[in-house]
Amino acid sequence: MANLAALELDRPETAPRPARLRVVLLGCGTVNTGVLDALALMPDRVEIAAVVTRRRRPGQTGRTAWLTDIRDAFDTGPDLVIDGLPDCPAAEKALDLAVERGIHIISANKAVIARRPDLEARARDKGIRFAYSAAVGGGVPVLETIQRLTASGETIQSVRGVLNGTSNFVLGLLEQGTGFDPAIAAAQAAGFAEADPSADIDGLDAAAKLALIARKAYGSAIDTQSIPADSLLSIEPGRVCGARENGLRYRQVAELSRAEDGRVDARVRLIALPEDHPLARVENEENSVEIVCESGLKIVLHGKGAGQDPTSGSVLADVRDLLSGGEA
Ligand SMILES: NC(=O)c1ccc[n+]([C@@H]2O[C@H](COP(=O)([O-])OP(=O)(O)OC[C@H]3O[C@@H](n4cnc5c(N)ncnc54)[C@H](OP(=O)(O)O)[C@@H]3O)[C@@H](O)[C@H]2O)c1
């Protein structure tokens, strides 16, 4: 794995912070509906210039333009785009365009951010904000904690946790005897799983999160696809249920560690853990993460890893940070 000097994560940013932000929301699903509602309560600090969705939404009123074309939305002259799109080519193009035009970016879209480390590097070079607190941990401040630890001189030795709320929610239903498809449908109905849940189920979502953690912790770029990941589909639902009856709970565990020679290892495994293990006690859409530093310092974070309120709350924290001129 290469150390991306180009990321230069510690370099101070230079762009002046606008007193009032003109904002475009990309997507208005689970995450950005919550963001939109909260931003509507901050009219002195934020103006919503446009909201982009795939399907036209008739009947919207007010000063906000409801659009289906991302370029049209960028032409409204935003200072900030908030990306609540799924992993798709349109999202990648939109973030590219935002960087090109020098527009600040806040994104929940871990797949795109992980796949395109160049976007963050280019944003840094241009002195624009590229923040993505919601992309890992939902409402749990995983990246923020790692940033603070490294800023205080700590070196991260390992990170281990349950990072995907959807697969945890699904495993919880499987162990109660629910079938795989109804369990996925329940996760979608609760707003945890996307229309295409394969990235959650196959471990790619957790792998993308590990890639972002490695970037924050070490300035390293790991290709998400190169991270070995067990799929939930590789295990019979009956085995999950049977394990529970025997005092074990299957969990999708994401692990990152750094060897003495500086090599970073990452993997996503399905493991049957004793039910009193801290990661086995993570319920439903919760996330739990243990961060161990070389100094011996250990930090455990636990909370809601998916859903509208925790995720939009993290996006809003990034917005407030931008408004106040704080570090991302
Ligand atoms: N949900 C969570 O708990 C959670 C947590 C952390 C991170 N995230 C990340 O946040 C992002 C958004 O997740 P979500 O759950 O809010 O997704 P969602 O509910 O499926 O909403 C996606 C939104 O994007 C719009 N959209 C999709 N393709 C588009 C395109 N080509 N052009 C314009 N608009 C398009 C959709 O339009 P329509 O409304 O017309 O369909 C919809 O409004 C994802 O990247 C996800 O990984 C989600």
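This is a predicted model: local features need pLDDT of at least 70, side-chain atom pairs count only at pLDDT 80 or more; totals for chains, interfaces and linings use all residues.
The protein chain holds 12 helices and 13 strands. Its radius of gyration is 20 Å, close to the 20 Å that the globule rule gives for 328 residues, so the chain is as compact as a globular protein of that length. Along the principal axes, the C-alpha atoms fill a box of roughly 60 × 50 × 30 Å. Of the 328 residues, 53% are buried. Among contacts between residues at least 6 apart in sequence, 69% join residues at least 24 apart.

The largest nonpolar core has 58 residues, and the members that touch the most others are Leu26, Phe74, Ile156, Ile213 and Leu256. Helix H10, residues 204-218, supplies the largest share of this core, with 10 residues. The core also takes at least three residues from each of two domains: domain 1 (2-138 + 309-324) and domain 2 (142-305). Another core of 25 residues lies apart from it, and includes Val31, Val46, Ala108 and Ala134.

Strand E2 spans residues 21-26 and is mostly covered, with 5 of its 6 residues buried. E2 runs parallel to strand E3 (residues 46-52), and 6 bridges join the two. In this pairing, Leu25 stands opposite Val51 of E3. Between E2 and E3 the chain passes through helix H1 (residues 30-39), forming a right-handed β-α-β crossover. E2 is also joined to strand E5 (residues 80-83), here by 4 bridges, and this pair is parallel as well. Val24 stands opposite Val81 in E5.

Leu210 is found in helix H10. With a relative accessible area of 0%, Leu210 falls under the 20% cut-off and is therefore buried. Beyond its neighbours within four places in sequence, Leu210 is in contact with Leu163, Ile227, Ala254, Glu255, Leu256, Ala266, Arg267 and Val268. One of these, Ala266, is 56 residues away from Leu210 along the chain, yet their C-alpha atoms are separated by 7.0 Å.

Leu256 is the second residue, and is among the core members that touch the most others. Again leaving aside neighbours within four places in sequence, the contacts of Leu256 are Gln157, Ser158, Val159, Leu210, Ile213, Ala214, Tyr218, Ile222, Val264, Asp265 and Ala266.

Definitions and conventions. Residues are numbered from 1 along each chain as its sequence is written. Side-chain values use heavy atoms; hydrogens and water are left out. A nonpolar core is a set of buried Ala, Val, Leu, Ile, Met, Phe, Trp, Tyr and Cys residues joined through side-chain atoms within 4.5 Å. Buried means under 20% relative accessible area, exposed over 50%, partly exposed in between (1.4 Å probe, protein chains only). Domain bounds come from an automatic or database domain assignment. Contact means heavy atoms within 4.5 Å. Two strands pair if DSSP finds at least two bridges between them. A crossover is right-handed if, with the strands pointing away from the viewer, the path from the first strand over the helix to the second runs clockwise. The radius of gyration is taken over C-alpha atoms; the globule rule is 2.2 Å times the number of residues to the power 0.38.
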